[in-house]
Amino acid sequence: MPPPTTHSIPSSLPLTLIVATTPIRVASASAAATTTTPPSDQNATRLGIGLKGTLPWPRIKADMSFFARVTSRPPKQGTTNAIIMGRKTYDSVPKHLRPLGKRISVVITRDQTGSVREGVLQELEARKVKMAATAKAKAEAAVEAGQGQATAPAQSPAEEPATDAIVTPSLDAALEQLDTVYGAEGRLGKVFVIGGAEIYGASLRAGSEALMKRPVRIVMTHVVRKPVSESGEEGVEQPFECDTFFPVEKFTAENGWRSASEEEVTEWVGEDVTGEWKREGDVEVQMVGYERLD
Ligand SMILES: NC(=O)c1ccc[n+]([C@@H]2O[C@H](COP(=O)([O-])OP(=O)(O)OC[C@H]3O[C@@H](n4cnc5c(N)ncnc54)[C@H](OP(=O)(O)O)[C@@H]3O)[C@@H](O)[C@H]2O)c1
């Protein structure tokens, strides 16, 4: 008998950090330390991502739906994308939405009592029951409306992305478990790191070999608040308040990064990304990409 085929996660599978950031100007420590620094260099920009355990801004539909589409769209039928996050980011997702559907949520925690795992797995079961009830109600409504055949799902349940959750003690353990549980059966799609600051930091630190060898990409939504006056004139930028920041500020070659082209980002995320600024109320957003240099 031929040996069983194994599909472990290839080290060429990129780790994609997906994040929304807003520029926060701060007095730079090095600038403050020297009186010879020219005035123009005395400010640095940090990229704010959070405030008091949640996002710094009210709901931005364009960004939230981009995040949902990109992280849940698998690269091929029969696979499911993974979203790796810190326990605090998991907690920041509204209770009725977690774990997020059609994705494998991987929650990283130092908790050794088992209570985080228990809580996540209980929420997973409740979510699956709710999703099944919604799907059944939809199918019944379609049959009643005489559209049974027209709305029959294009994919069988086995081919649809799964909704699952894993709780692990580190990023390395997260990749290993994804490999054992999903990779081995060829069911793993793309792997995203969705935050927060601690987990972005862990994925960018030169840690294990498995992490260092993997291509690292960032899909970033820039967010700025620029209210428009009643006469239609764009006002000055009003920064958001932030207490949590992305661990990288500059994406220059000097810092080991390069900007990706619109075509590359489009290919990474599976939909058109133009890099244009789009307005939603007082806020403007722009999607861009970066790749870590070898
Ligand atoms: N703008 C965005 O795109 C975006 C995206 C995501 C999150 N956020 C924001 O970011 C903030 C949360 O970020 P955060 O940095 O405070 O928290 P986080 O990274 O989401 O979670 C931190 C937690 O992860 C666990 N953890 C971290 N490092 C670990 C390690 N090396 N080993 C094992 N477990 C580890 C610990 O969980 P335990 O305490 O359970 O041990 C730790 O308390 C929130 O405000 C959130 O809204 C923003």
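P99 sits in the loop between helix 3 and strand 4 (104-108), and the peptide bond that joins R98 to P99 is cis, with omega at about -10°. Keep in mind that this is a predicted model. Phi of K102 is near 60°, a positive value in a residue other than glycine. K102 has a relative accessible area of 39%, so it counts as partly exposed.

A positive phi also turns up at K52, which is not a glycine either; here the angle is about 50°. You will find K52 in the loop between strand 2 and helix 2. With a relative accessibility of 68%, K52 counts as exposed, because the cut-off for that class is over 50%.

Eight helices and eleven strands make up its list of secondary structure elements. Among contacts with a separation of 6 or more, 74% are between residues 24 or more positions apart. The accessible surface of the chain comes to about 16,800 Å², and carbon and sulfur atoms account for 53% of that area.

Leaving aside neighbours within four places in sequence, M220 is in contact with V19, T21, L47, F246, F251, Q286, M287, V288 and Y290. Is T21 buried or exposed? Its relative accessible area is 0%, so T21 is buried, the limit being under 20%. Beyond the residues up to four places away in sequence, T21 touches L47, G48, I49, W57, M220, T221, H222, V223 and F246.

From here, turn to the largest pocket, which holds about 1,400 Å³ of space. Its lining comprises 49 residues, and T89, S92, I194, G195 and G196 lie nearest the centre. Which elements supply at least two residues each to this lining? They are strand 1 (15-27), strand 2 (43-50), helix 2 (61-72), helix 3 (87-92), strand 6 (188-195) and helix 6 (197-204). Helix 2 gives the most, with seven residues. Sorted by class, the lining has 25 nonpolar, 13 polar and eleven charged residues.

Two of the residues nearest the centre of the pocket, G195 and G196, are joined by a cis peptide bond, with omega at about -5°. G196 lies in the loop between strand 6 and helix 6.

One last stop is E159, in the loop between helix 4 (115-144) and strand 5 (164-168). At 31% relative accessibility, E159 counts as partly exposed, because that value falls between the 20% and 50% limits. Not counting residues up to four places away in sequence, E159 touches Q77 and G78. E159 and T80 are 79 residues apart in sequence, while their C-alpha atoms are 9.3 Å apart in space.

Methods
Residues are numbered from 1 along each chain as its sequence is written. This is a predicted model: local features need pLDDT of at least 70, side-chain atom pairs count only at pLDDT 80 or more; totals for chains, interfaces and linings use all residues. Side-chain values use heavy atoms; hydrogens and water are left out. On a 1 Å grid over the protein atoms alone, a cavity is a set of points where a 1.4 Å probe fits but cannot get out, and a pocket is an open set with protein on both sides within 12 Å along at least five of seven lines; lining residues have an atom within 4 Å of a point. Grid points are joined across faces, edges and corners, and a volume is the space filled by probe spheres set on the points. Helices (H or I, at least four residues) and strands (E, at least two) are DSSP runs, numbered from the N terminus. Ala, Val, Leu, Ile, Met, Phe, Trp, Tyr, Cys and Pro count as nonpolar, Asp, Glu, Lys and Arg as charged, and the others, Gly among them, as polar. Contact means heavy atoms within 4.5 Å. Accessible areas come from the Shrake-Rupley method with a 1.4 Å probe; for residues, only the protein chains shown count as cover. Buried means under 20% relative accessible area, exposed over 50%, partly exposed in between (1.4 Å probe, protein chains only).
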